[in-house]
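Please walk me through this structure, beginning with a single residue and moving from there to the helices, the core and the contacts between side chains.

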Amino acid sequence: MNSFETKIVKTWEPSWTVRILVAVLLLGSGVIAYVWKPENPWLLHSAHAVYVICMFIALGQSFLKPRTLGFLKITRDEIIIEKENELKIYKITELQDLGFDYVGYASFWKHTIYGNKNHLYFTHRSGEKRDLEITLSNKEMKEEFKSFLKELSENNFLKVQQSGNFSF
């Protein structure tokens, strides 16, 4: 394999305030609708509506498509980043370190139907650090990337650091 290509993306991360608010509304409406069961029909129907809306928000995050910022191409000699109509090329031999934060296929907060949100990071000799959020859309793409990184580290004597899920 001569190169590997994928998208550079930015996914929506809800703030902790939104997450806590949705969790409190979900628990509160669940208690009102299914435990307390008030006789006031307006309150009961409102609790059911809030419960359904909160469940949709909580479970619907994986259906949000990440925003594509650019494209990443890794060859045996260089890393090419095309982002915001700008092309940057980094030679593999000029990298101090290269790392990959693999999340895996079973993470609740890091998974979308469009692929997992993983991070490729590296430091150039000039001191410039890059952290790119990339998607691996299926298992074949994951295996292809895994073998390419292994080949890259063997050929260039560059140790590829890995964090996150070590099943990669």
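At 27% relative accessibility, Glu128 counts as partly exposed, where buried means under 20% relative accessible area, exposed over 50% and partly exposed in between, computed with a 1.4 Å probe on protein chains only. The model is a predicted one, in which local features need pLDDT of at least 70 and side-chain atom pairs count only at pLDDT 80 or more, while totals for chains, interfaces and linings use all residues. Residues are numbered from 1 along each chain as its sequence is written, and side-chain values use heavy atoms, with hydrogens and water left out.

Glu128 forms a salt bridge with Lys88, the closest N and O atoms being 3.6 Å apart; a salt bridge here is a side-chain nitrogen of Lys or Arg within 4 Å of a carboxyl oxygen of Asp or Glu. The pair links distant parts of the chain, with Lys88 in strand S4 and Glu128 in the loop between S7 and S8, 40 residues apart; strands (E, at least two residues) and helices (H or I, at least four) are DSSP runs numbered from the N terminus. Lys88 is partly exposed as well, with a relative accessible area of 27%. Both residues belong to a network of salt bridges that links Glu86, Lys88, Glu128 and Arg130.

The structure holds 6 salt bridges. Another of them joins Glu151 and Arg76, whose closest N and O atoms are 2.8 Å apart. Because Glu151 lies in helix H3 and Arg76 in the loop between S2 and S3, this pair ties together parts that are 75 residues apart in sequence. Arg76 has 35% relative accessibility and so counts as partly exposed. The side chains of Lys91 and Glu78 also meet in a salt bridge, at 3.3 Å from N to O, and this pair links distant parts of the chain, Lys91 being in strand S4 (residues 86-91) and Glu78 in strand S3, 13 residues apart. Lys91, at 37% relative accessibility, counts as partly exposed, whereas Glu78, at 19%, counts as buried.

Helix H3, which holds Glu151, covers residues 139-156, and its 18 residues reach 26 Å from the first C-alpha to the last, close to the 26 Å expected at 1.5 Å a residue; the expected span is 1.5 Å times one less than the number of residues. Which residues of H3 are buried? They are Met141, Lys142, Phe145, Phe148, Leu149 and Leu152. Seen down the axis of H3, these buried residues fall within an arc of 130°, so they line one face of the helix, the arc being that of the directions from the helix axis to the C-beta atoms. The face turned away from this buried side carries the exposed residues Lys139, Glu140, Lys150 and Glu154.

Leaving aside its neighbours within four places in sequence, Leu72 is in contact (heavy atoms within 4.5 Å) with residues including Phe4, Ile8, Ile79, Leu120 and Ile134.

Aromatic rings come next. Rings of Phe, Tyr and Trp (its six-membered ring) pair if their centres lie within 6.5 Å, and planes under 30 degrees apart count as stacked, over 60 as edge-to-face and the rest as tilted. By this rule the count comes to 4 aromatic pairs. Tyr34 and Tyr51 form an edge-to-face pair, 5.4 Å from centre to centre with 75° between the planes, and they link helix H1 (residues 16-36), where Tyr34 lies, to helix H2 (residues 41-59), where Tyr51 lies. Phe4, Phe100 and Phe145 form one aromatic cluster.

Finally, two loops deserve a look. Lys37, in the loop between H1 and H2, has a phi near 50°, a positive value in a residue other than glycine, and at 54% relative accessibility Lys37 counts as exposed. Glu84, found in the loop between S3 and S4, has a positive phi near 55° and is exposed, with a relative accessible area of 60%.
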